[in-house]
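Have a look at the model before you start.

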Amino acid sequence: MSTLLETDGEALLAALRGLLAAKGLATPAEVAERIAITERATPAQGARIVAKAWTDPGFRARLLADGTATVEGLGIPLRGAPPLGVLENTPELHHLVVCTLCSCYPRAVLGYPPFWYKSAGYRARAVRDPRGLIAEWGTVLPETTRIRVVDSTADYRWMVLPLRPAGTDGWTEEQLAALVREGDMVGVTVPATG
Amino acid sequence: MDLAPGTAVRVHDDWPESRGPCHIRTPHYVRGRRGRIVRRLGAFPNPEDLAFARPAATRALYHVVFNETELWPDGRAGDDLLVELYEHWLDPA
């Protein structure tokens, strides 16, 4: 059981940071900035984007046309991240995002992927039986809604813009954002009131 | 080769992993299958070379849609899959 390399993690990290600075690859300030950006990236950012798209048609159109630039306009930095595409759900078409090859995920706007997103079971079943899979989340689409599975295989990252639930007329962006869960932006669930 | 939206394409029925170490962004389940170009997503350094730190030429990346019925024997008509594929895996069908 002792084949694993045993190291003092703190010492290793300090040495790595020292080398990054000494070799001019990344300054301590740049490392700190990157850590702060990563920690701010949570599903709450995605929910904020969704709520704004639900209440501002111009923003929604720009978001669907150019996700990267539009999200950066909200102060969410995507520098160094892959381009972001946003897929709009409609009453006729529902999107479900998966990465069958690994775990590509729009981390800049949703943070770390949930554990199930990286599981072999989710990755295999999303493409083979998407309706059966999302039914296990309690998501049952109307017969007339087509499902489109988006396999995130290469250089883009994809986020779903869910349908705004009925009964939310007049809600503020903050109220709407509080409805949106990470699964809604992957497509395994849909937002609902109450 | 520039593939316009709507163009019918077939993915190469090629299995480089049977010939040696490689890094491929084309899933097994679409190889040899017919799809349709939805949009050109841009151009990126070829990940098949990038993964091995080789000089990587820029290749066009397309969003290609496949009917579920083209991929699975019990596929549901109307449902489909959207996959990012590089130009060198596609031929007009």
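**Exercise 1.** Find out how the radius of gyration of chain B agrees with that of a compact globule.

*Solution.* Start with the rule: 2.2 Å times the number of residues to the power 0.38, with the radius taken over C-alpha atoms. For 93 residues, a compact globule would have a radius near 12 Å; chain B has 14 Å, which agrees. Next, look along the principal axes, where the C-alpha trace of chain B spans about 40 × 30 × 20 Å.

Before going on, note that this is a predicted model, where local features need pLDDT of at least 70, side-chain atom pairs count only at pLDDT 80 or more, and totals for chains, interfaces and linings use all residues. Residues are numbered from 1 along each chain as its sequence is written, chains are lettered from A and ligands numbered from 1 in the order in which they are written, and side-chain values use heavy atoms, leaving out hydrogens and water.

**Exercise 2.** Work out what share of the residues in chain B is buried.

*Solution.* Take buried as under 20% relative accessible area (1.4 Å probe, protein chains only). By that cut-off, 46% of the 93 residues in chain B are buried.

**Exercise 3.** Describe how chain A meets chain B.

*Solution.* First count contacts (heavy atoms within 4.5 Å): 23 residues of chain A touch 23 residues of chain B in this sense. Then turn to buried area, the accessible area (1.4 Å probe) that two parts lose on being put together, summed over both. The two chains bury about 2100 Å² between them, with 48% of it on carbon and sulfur atoms. Finally, A:Arg128, A:Arg148 and A:Thr153 supply 26% of the area that chain A buries against chain B, more than any other three residues.

Definitions and conventions: Buried < 20%, exposed > 50% of the residue type's maximum accessible area, 1.4 Å probe, protein only.
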